[in-house]
Amino acid sequence: MSKGRIALILSAVVLAVLMALLPKVIINKDKKGEFAANGANANAAQSTHDPNHEGHEDHAQEAATPTDAHVVATPAQLKEIADLRNKFSRESNAQAKGKLADELAQKYAAVAKHDSAGYFYEQVAQARPGEKSFQKAADQYFQAFTFAATQERSQELGSKAQGLYEQVLKNNPTNLDAKTNLAMTYISSSTPMRGITLLREVISADPKNEKALFNLGVLSIQSNQYDKAVERFQELLVVNPNHVEGTFYMGVALAETGKKAEAQKSFLKVKQISKDPEVQASVDSYLQRLNGAQ
């Protein structure tokens, strides 16, 4: 889905490039090419994380995009978080405890510890339930979900995000961002078609929704429907011609359909619109392989 881990298995070459490129895509396939059945429980209600448990912060060994991967908490930030957690543990006043939870969530999010941020935003949402408070917690769990290093961790975090996004949609059924993220948690679960259905609902409500178009495009690649992927990315690039990940995946889809020259143009455009060194290196590597295949 990005910043994040690419769980899309196309081929050894494509995977190596995509791991560096990172769109927020949550698509898992097993070795046989089927959707991985994570068995996520969309009805999870209570948090499975105890921030006071020793080693909790280590859950966030979340290899992420260049931005998150390079976030390192300073000693001062770690001390500040530790002090806040001690205050949170000792505080008995509900209102004061809620404020501390919100502050802790922000601190954790700032150092890319998204599971811990999700936990504390969830405490705030439980005290003051509402669309925005539920979404803050859900978004953090979703971030952690996209970075999960194991299937077990992905299942756990995806389940948390699902339960909270369901609460968001109960408050506001027209929240398309929440619905799109919810869809992507289902894509990697034992009920992937539920995710596809949700994405289609988003597109029906908003045909120009960038996130839904992008995810549908990558899903088409994942299922080897490269022509369909090209169509989706064409729609996306009409809406946002400078969508970096969409342009990259357009190149991937075009290459897979045998349109090497058009694919090359897409990759070269990525180099123009993104100056990120890692993106540049990834595209250069792909172009070398693409040219070698001609």
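**View 1. Ala112 and its loop.** Ala112 is found in the loop between helix H4 (94–110) and H5, where helices are DSSP runs of H or I with at least four residues, strands are runs of E with at least two, and both are numbered from the N terminus. Although Ala112 is not a glycine, it has a positive phi of about 60 degrees. Most residues other than glycine have a negative phi. At 9% relative accessibility Ala112 counts as buried, a class that means under 20% relative accessible area, with exposed meaning over 50% and partly exposed in between, for a 1.4 Å probe and protein chains only.

**View 2. The whole predicted model.** This is a predicted model in which local features need pLDDT of at least 70 and side-chain atom pairs count only at pLDDT 80 or more, while totals for chains, interfaces and linings use all residues. Residues are numbered from 1 along each chain as its sequence is written, and side-chain values use heavy atoms, with hydrogens and water left out. The secondary structure comes to 14 helices and zero strands. Of the 294 residues of the protein, 52% count as buried. The accessible surface, from the Shrake-Rupley method with a 1.4 Å probe and, for residues, with only the protein chains shown as cover, comes to about 13700 Å², of which 50% belongs to carbon and sulfur atoms.

**View 3. Helix H5 against helix H6.** The axes of H5 (residues 114–127) and H6 (residues 131–147) come within 8 Å and cross at roughly 160 degrees, the axes being lines fitted to C-alpha atoms, for helices over the stretch in contact, and the angles running from 0 to 180 degrees between N-to-C directions. H5 is therefore roughly antiparallel to H6 (under 35 degrees counts as roughly parallel, over 145 as roughly antiparallel, 65 to 115 as roughly perpendicular and the rest as oblique). The crossing of H5 and H6 is left-handed, a term for a near helix turned anticlockwise from the far one by less than a right angle, with right-handed used if clockwise. Contact means heavy atoms within 4.5 Å, and among the residues that make it are Tyr119 and Tyr121 of H5 and Phe134 and Tyr141 of H6. The residues of this contact divide into nine nonpolar, five polar and three charged, where Ala, Val, Leu, Ile, Met, Phe, Trp, Tyr, Cys and Pro count as nonpolar, Asp, Glu, Lys and Arg as charged, and the others, Gly among them, as polar.

View 4. H8 (residues 176–187) and H9 (residues 192–205) pack at an angle of about 155 degrees with their axes 7 Å apart, so H8 is roughly antiparallel to H9. By class, this contact has 12 nonpolar, two polar and three charged residues. With H10 (residues 210–222), the axis of H8 comes within 10 Å and crosses at roughly 20 degrees, which means that H8 is roughly parallel to H10. Here Asp177, Thr180, Asn181, Met184 and Ile187 in H8 meet Lys211, Ala212, Asn215 and Leu219 in H10.

**View 5. Asn181 in helix H8.** Asn181 lies in H8 and, at 5% relative accessibility, counts as buried. Leaving aside neighbours within four places in sequence, Asn181 is in contact with Asp139, Phe142, Tyr165 and Lys211.
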